[in-house]
Structures are given as structure tokens and as C-alpha cells.
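Keep the sequence and the model in view while reading.

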Amino acid sequence: MQDANLDYVISVPGYPRRVEGRRAVAELYRGYGSTMVLRSADELAVHRDHEASVIVLEYAVHGQAVQTGRTYDNHFVSVITIKDRKVTHWRDYLDPVAVFNAIGWPAQ
């Protein structure tokens, strides 16, 4: 994933739409644990297109928002392109309302 690009197609305010390279991804998620604690993931479905070197993942994550203590449950679809056995592109789709509900945004 050294030279991979990550695109967040459906996201939340303040989150970048594009992240380029392994170092930038690590930096983006450095403080994630202070916002959200993930406890599990499930509902994995994997779809492969060998000719296009694309994998589509469908999955759910479960956890808790640190600040509010509210439950966090979200579903994702990730479209991943692989070249020479390395991820070159990752496009993520998620449910932003699940994030808003967990973090209490907008404030009532």
C-alpha cells in the first residue's frame, strides 16, 4: 500500500476525500482510538473480479464513541484494486449517519 490512493466517497465533515500513500493513511488514523473504539467486525462478503484485479468487500464494524459512550455500528463497501499483489487503490463507502449518531452530531 506504499503508493496506494484511498478515496472516501461517502464520508463525514472534516474527513479527507482522498489520502495518498501509506504514511498519510497511518497519520490519518493515528488518533482514531481517542474518537472511536472498535470492538468487532462481521458480515464480511468478498466479491472478486480476477480479470480487473478488483476485490469488493462488504462488512460491518461495531464499537463505541469515546466522547459520548454511544454504540457505533456501521456498514462499509470497499472497492480495492490490486497490482503486483499490492493494493494500489481503495475506495470506501460508509454510512455517515451511523457516525453522527455515535458522536452526537449535530449537538441537540
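## The Asp 7–Arg 18 salt bridge

Asp 7 and Arg 18 join their side chains in a salt bridge, 2.7 Å from N to O. A salt bridge here is a side-chain nitrogen of Lys or Arg within 4 Å of a carboxyl oxygen of Asp or Glu. The pair ties together distant parts of the chain: Asp 7 sits in strand S1 (residues 5-10) and Arg 18 in strand S2 (residues 18-20), 11 residues apart. Helices (H or I, at least four residues) and strands (E, at least two) are DSSP runs, numbered from the N terminus.

Asp 7 counts as buried, at 15% relative accessibility. Arg 18 is partly exposed, at 40% relative accessible area. Buried means under 20% relative accessible area, exposed over 50%, and partly exposed in between (1.4 Å probe, protein chains only).

## Basis of the values

This is a predicted model: local features need pLDDT of at least 70, side-chain atom pairs count only at pLDDT 80 or more, and totals for chains, interfaces and linings use all residues. Residues are numbered from 1 along each chain as its sequence is written, and side-chain values use heavy atoms, without hydrogens and water.

## The other salt bridges

The search of the whole structure gives three salt bridges. Glu 20 also meets Arg 18, at 3.2 Å from N to O. Glu 20 is exposed, with a relative accessible area of 54%.

Glu 27 pairs with Arg 30 at 2.6 Å, N to O. Glu 27 is partly exposed at 46%. Arg 30 is exposed at 62%.

## The largest pocket

The largest pocket has a volume of about 620 Å³. A pocket is an open set of points on a 1 Å grid over the protein atoms alone, where a 1.4 Å probe fits, with protein on both sides within 12 Å along at least five of seven lines; lining residues have an atom within 4 Å of a point. The volume is the space filled by probe spheres set on the points.

The lining holds 26 residues, with Tyr 15, Tyr 29, Tyr 32, Tyr 72 and Leu 94 nearest the centre. Elements giving two or more residues include S1, helix H1 (22-29), strand S3 (36-49) and helix H2 (96-103). By class, the lining has 21 nonpolar, four polar and one charged residues. Ala, Val, Leu, Ile, Met, Phe, Trp, Tyr, Cys and Pro count as nonpolar, Asp, Glu, Lys and Arg as charged, and the others, Gly among them, as polar.
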